[in-house]
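The questions below concern the pockets of one model and one of its strands. Each answer ends on the value or name asked for.

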Amino acid sequence: MSGDVLIGWVHPGMVHAAFMDSLLHTLDRDRVSAQPRIVGYAGVQSSANVSGGRNRLVEWFLDHTAAEWLLMVDTDMVWPDDALERLLAAADPDTVPVVGGLCFAREAATGTVWPTLFHLEPVDDGGAFLRHDRWPADTLMPVAGTGAAFLLLHRTPLEAVRKHGFSRWFPWFQETENDFGAVAEDLTLCLRLHAIGVPVHVHTGVEIGHVKPHTVTGADYKAATRPRPLT
């Protein structure tokens with residue numbers, strides 16, 4: 001489908017070399033394609049308050065560019081050079097306006113690796129996020145929440161979230177809480193999207209690496225937990 005893309009990231013003053021390598025390969029692939037889609041890229045420097053940086057990036061994307069899509073990428077992620085075009089092929093402004101890659105994280109305390117795929121256990125105050133440990137292979141998976149580490153967003157739902165006015169100072173991303181504990185800034189965005197009727201998906205065939213002491217991938221998750229992918 002048509003539509004220009006801006007790639008954006010939040011950084012503390014530096015980025016990982018593996019991230020930059022992935023970014024350059026993505027830009028090169030797009031440049032020589034029959035239909036180039038990437039119209040620009042932007043980095044926003046942020047302190048420990050990542051919510052502030054993410055919000056400034058979204059605001060700049062909406063107010064100072066005409067791009068249709070924002071690909072938000074964390075600076076410790078690595079990905080194949082066709083990851084963006086695969087997300088774009090699956091995305092749709094009306095039915096799939098928010099879609100992420102399949103990312104993984106490692107808990108510092110336990111070393112446990114888990115995918116950033118969340119469902120919501122409904123309760124009166126909105127619910128608690130719980131992690132999926134199974135997922136269908138190579139398909140679009142609707143989720144209650146995912147991270148912003150490799151997330152493609154259409155401008156229409158972002159404008160709708162701002163118009164709704166969830167927060168004056170943190171329109172999109174904000175660390176919040178409920179009776180079950182803290183809610184990360186990216187999961188708060190997912191809750192706000194769902195509250196205005198916007199679905200969130202993850203493409204399970206677009207696997208993204210997470211660079212920590214080593215790159216955390218789906219292979220680590222499989223080795224640690226032996227998941228049972230849905231078929």
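Ala, Val, Leu, Ile, Met, Phe, Trp, Tyr, Cys and Pro count as nonpolar here, Asp, Glu, Lys and Arg as charged, and the others, Gly among them, as polar. The model is predicted.

Q: Into how many nonpolar, polar and charged residues does the lining of the largest pocket divide?
A: The largest pocket is lined by 22 residues. Among those nearest its centre are Trp114, Thr116 and Asp186. The whole lining divides into ten nonpolar, three polar and nine charged residues.

Q: Which elements give two or more residues to the lining of the largest pocket?
A: This pocket has a volume of about 470 Å³. Two or more of its lining residues come from each of strand 6 (104–106) and helix 5 (185–195).

Q: How many residues of the lining of the second largest pocket are charged?
A: The second largest pocket, with a volume of about 160 Å³, has a lining that includes Arg29, Asp30, Arg37, Asp81 and Glu85. Helix 1 (17–31) and helix 3 (83–90) each give two or more residues to that lining. Three of its residues are nonpolar and three polar, and the number that are charged is five.

Q: Which residue in strand 14 does Met141 stand opposite?
A: Met141 lies on the covered face of strand 10 (residues 140–143) with Val143, while Leu140 and Pro142 make up the uncovered face. Strand 10 runs antiparallel to strand 14 (residues 200–207), and four bridges join the two. In strand 14, the residue opposite Met141 is Val202.

Definitions and conventions. Residues are numbered from 1 along each chain as its sequence is written. This is a predicted model: local features need pLDDT of at least 70, side-chain atom pairs count only at pLDDT 80 or more; totals for chains, interfaces and linings use all residues. Side-chain values use heavy atoms; hydrogens and water are left out. On a 1 Å grid over the protein atoms alone, a cavity is a set of points where a 1.4 Å probe fits but cannot get out, and a pocket is an open set with protein on both sides within 12 Å along at least five of seven lines; lining residues have an atom within 4 Å of a point. Grid points are joined across faces, edges and corners, and a volume is the space filled by probe spheres set on the points. Buried means under 20% relative accessible area, exposed over 50%, partly exposed in between (1.4 Å probe, protein chains only). Two strands pair if DSSP finds at least two bridges between them.
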